[in-house]
Amino acid sequence: MLRRSFVKAVPLAGGLTFCKSSLANFINDSIENKGPASDREYWSTLLYKIAHPVLSNLSRNTLKKQMPLEKAPGYSLKAEKVSHLEAFGRTVCGVAPWLALPHDDSAEGKKRKELLRFCQEGMTNAVNPSSPDYLNFRSEAQPLVDAAHLCQGLLRAYDVLWTPLDNTTKQRFLLELKQLRRITPAYNNWVLFAAMVEAFLLKAGDDYEPYRILMGIRKIQEWYKGDGWYADGPDFALDYYNSYVIHSMLADILQVGKDRGLAGKEELELAFKRMQRYSVLLERLISPEGTYPAIGRSMPYRTAAFQPLSHLALLHRLPPELPGSQVRSAVTAVMKRIFEAKGTFDQHGWLKIGICGSQWEVADSYTSTGSLYICTEGFLALGLPPDDPFWSEPGREWTSQLVWSGKPVKNDHASHY
């Protein structure tokens with residue numbers, strides 16, 4: 001039974017309602033006789049809140065009608081043409097591992113089942129030319145980016161998101177992907193987007209262009225600078241694109257390549273070693289208060305900055321010096337700092353531009369509402385079952401907490417591979 005403090009409701013897009021309260025209070029008040037919510041309950045409730053407006057509206061063919069199009073100062077794209085595919089592709093990219101868990105009748109399981117249905121219905125609408133929510137793959141260059149995120153999400157939950165689709169939807173989607181070859185990717189992390197689209201076509205058993213896969217892999221490997229960091233193109237920039245795109249997308253492409261004979265096991269293992277080193281540094285950037293340095297472009301991508309930590313946890317590949325429960329505690333602290341800030345969501349539950357709340361000026365010229373849903377990439381570890389040690393072990397202090405409370409902490413050294 002909910003407490004009286006949780007009573008004021010506001011309308012959500014699509015005729016739904018959500019009560020106004022901080023996320024923490026909602027979770028604590030919603031779990032009767034359990035005391036404070038567990039980290040898993042916190043993550044799953046939060047991810048559901050983020051993903052629901054996007055997926056529910058696309059399933060009803062109301063995404064274009066209901067999604068706001070907040071844009072950065074000096075926005076340089078055509079939001080009405082690109083932002084809706086951004087929202088869908090990026091949401092699926094992050095929510096997919098969670099939806100891939102076996103169904104159960106728990107409160108969490110019911111949320112997953114609902115979002116899974118929305119994803120499947122939304123996929124059908126997204127590629128149906130007769131649908132009001134037919135998404136744009138065919139004009140502008142930005143669709144290459146977000147089709148790649150959508151493909152990555154489908155790979156992460158292939159058996160539940162792709163396999164059950166009807167043949168008409170599959171063929172329509174594959175056709176949309178193949179016409180993206182009209183786009184020459186920019187000479188930076190975009191080479192991975194072209195590679196990811198072709199890697200999905202390879203996985204799906206359709207015609208694919210191996211050159212675009214191999215080009216993406218080779219250029220990123222050439223741009224490795226050392227100690228876990230890749231440059232985003234020929235020149236290095238200190239930002240979070242190693243988190244948003246490079247490490248995780250390279251590993252997923254190499255996995256498909258290895259399975260299909262286009263890449264070797266050694267390449268994949270080296271990519272994971274570099275991701276592990278980067279993740280050690282990433283965890284050390286999380287302050288005792290759950291903040292992290294606001295540096296580089298695309299800062300409104302929020303928790304996508306921690307995708308490698310969540311990705312490695314999902315695959316049981318965290319380095320030995322990073323226990324899963326330590327990573328969980330650190331990332332949970334970041335989530336609370338970000339998503340409980342006033343102004344992070346609008347009155348209808350859509351994300352607003354910012355890092356901690358509504359901060360319009362921090363956006364880049366390509367940032368709109370749909371861009372923000374890449375934050376779901378930070379939630380990949382929800383694809384682990386509740387009894388996995390990542391979730392079941394007691395929380396731990398993370399590195400900066402140990403350092404700044406005067407407790408023993410291990411030293412740190414660069415890795416050279």
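How many disulfides does the structure hold? Before the answer, some ground rules. This is a predicted model, where local features need pLDDT of at least 70, side-chain atom pairs count only at pLDDT 80 or more, and totals for chains, interfaces and linings use all residues. Residues are numbered from 1 along each chain as its sequence is written, and side-chain values use heavy atoms, with hydrogens and water left out.

1. The count of disulfides (pairs of cysteine sulfur atoms within 2.5 Å) is 0. For Cys-93, the closest cysteine sulfur belongs to Cys-151 and lies 10.0 Å away, too far for a bond. For Cys-356 that partner is Cys-375, at 14 Å, again too far.

2. These cysteines also come with accessibility values. Cys-93 is buried at 0% relative accessibility, while Cys-356 is partly exposed at 39%. Buried means under 20% relative accessible area, exposed over 50%, and partly exposed in between (1.4 Å probe, protein chains only).

3. Have a look at helix α8, residues 167-179 (helices are DSSP runs of H or I, at least four residues, numbered from the N terminus).

4. Ala-126 sits in α5 and is buried, at 1% relative accessibility. Leaving out residues up to four places away in sequence, Ala-126 touches Leu-58, Phe-88, Asp-133, Tyr-134, Leu-135 and Phe-137, where contact means heavy atoms within 4.5 Å.

Notes
Helices (H or I, at least four residues) and strands (E, at least two) are DSSP runs, numbered from the N terminus. The expected span of a helix is 1.5 Å times one less than its number of residues.
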